[in-house]
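This report concerns the pockets and cavities of one model and the residues that line them.

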Amino acid sequence: LHNWSVVLHDSDPEGPHQLRVGMRFLRTLLRAFRPAIDGNELRQLERDLRDVARTVGELRDLDVLSLEVVGKLDRPQALADGFKELVEDLAAQRERQRATVREVLRSPRMQTLQIRLALLPNQLDWEYVGSDKRPSKRKVETVARKALDKSWRHARLLGKRIDMLSIEERHELRKKLKSLRYTIEAFSPLYKQGKCRRFIRDLKRLQDIFGYLNDATLAGRLHDRAGNSEAHSFQQAIGYVVGYHAANSAVAWRDAKRRWAKLLADDRPWT
């Protein structure tokens, strides 16, 4: 909710980033606790968060493209004019998407969602009033083990084919690893802290590489995302960005496979 306000009133790129992270974390936990706490209202809340995250995600992707993928790149002087036009084009896209996101976040539907989030600690009272259903009395260790096993299994199934993954499947593996990280972080007080810290550390390092690979994929779509300028220098600048990140992503992908093998060999804290 704090970052929701940041996105509405500030242009700091951390606002959309942290808002999306918070929504993804909450969605992960809502799914993790379903064996004990479930219901139509909570499932609808998860779906609404997903819809908002997609809209905010478009702004975050443009922030990354503008500030990281293009912004931090050393630019050849010969392409100065093309890069200037590219940076200005991306900045204009960011502002248009920011206006769209703010319009969505201020809509009546989203104001209702804010209230539901603020009242989430009392959600069970809403869910079970007048119902014969009751929250399950399963031990938290049982819920945690089931959630972690499921999250790990989903990541491992994709990881088994790591040498053959398509770009889309790499992105899917990245999302599975994020879900695994959020789940283990949430339940870490149940397990030995040394094991948890090592596992989360290795998971974060792998995620960082997948994060860069995702950025490189965004760079590869610059031709689709950027404006329709036919200026030679503009198209050259895009080509330079795409080529640079394509070359670096090949190196990063080899490192990702090495770190995935290390994660497979790690002791899983919940086993």
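## Lining of the largest pocket

By class, 25 charged, 12 polar and 11 nonpolar residues line the largest pocket; Ala, Val, Leu, Ile, Met, Phe, Trp, Tyr, Cys and Pro count as nonpolar, Asp, Glu, Lys and Arg as charged, and the others, Gly among them, as polar. The model is predicted: local features need pLDDT of at least 70 and side-chain atom pairs pLDDT 80 or more, while totals for chains, interfaces and linings use all residues. Residues are numbered from 1 along each chain as its sequence is written, and side-chain values use heavy atoms, without hydrogens and water.

The pocket holds about 1,600 Å³ of space. Among its 48 lining residues, Arg 24, Arg 174, Lys 175, Lys 176 and Lys 178 are the closest to its centre. On a 1 Å grid over the protein atoms alone, a pocket is an open set of points with protein on both sides within 12 Å along at least five of seven lines, a cavity is a set where a 1.4 Å probe fits but cannot get out, and lining residues have an atom within 4 Å of a point. Points are joined across faces, edges and corners, and a volume is the space filled by probe spheres set on them.

## Contributing helices

At least two lining residues of this pocket come from each of α2 (14-32), α3 (40-70), α7 (140-159), α8 (167-187) and α9 (193-220). The largest share, 12 residues, belongs to α8. Helices are DSSP runs (H or I, at least four residues), numbered from the N terminus.

## The cavity

One cavity of 30 Å³ or more is found in the whole structure; the largest cavity has a volume of about 30 Å³. Its lining consists of Leu 30, Arg 34, Ile 37, Asp 38, Leu 42, Arg 43 and Glu 46, with four charged, three nonpolar and no polar residues. Helix α3 gives the most to this lining, three residues.
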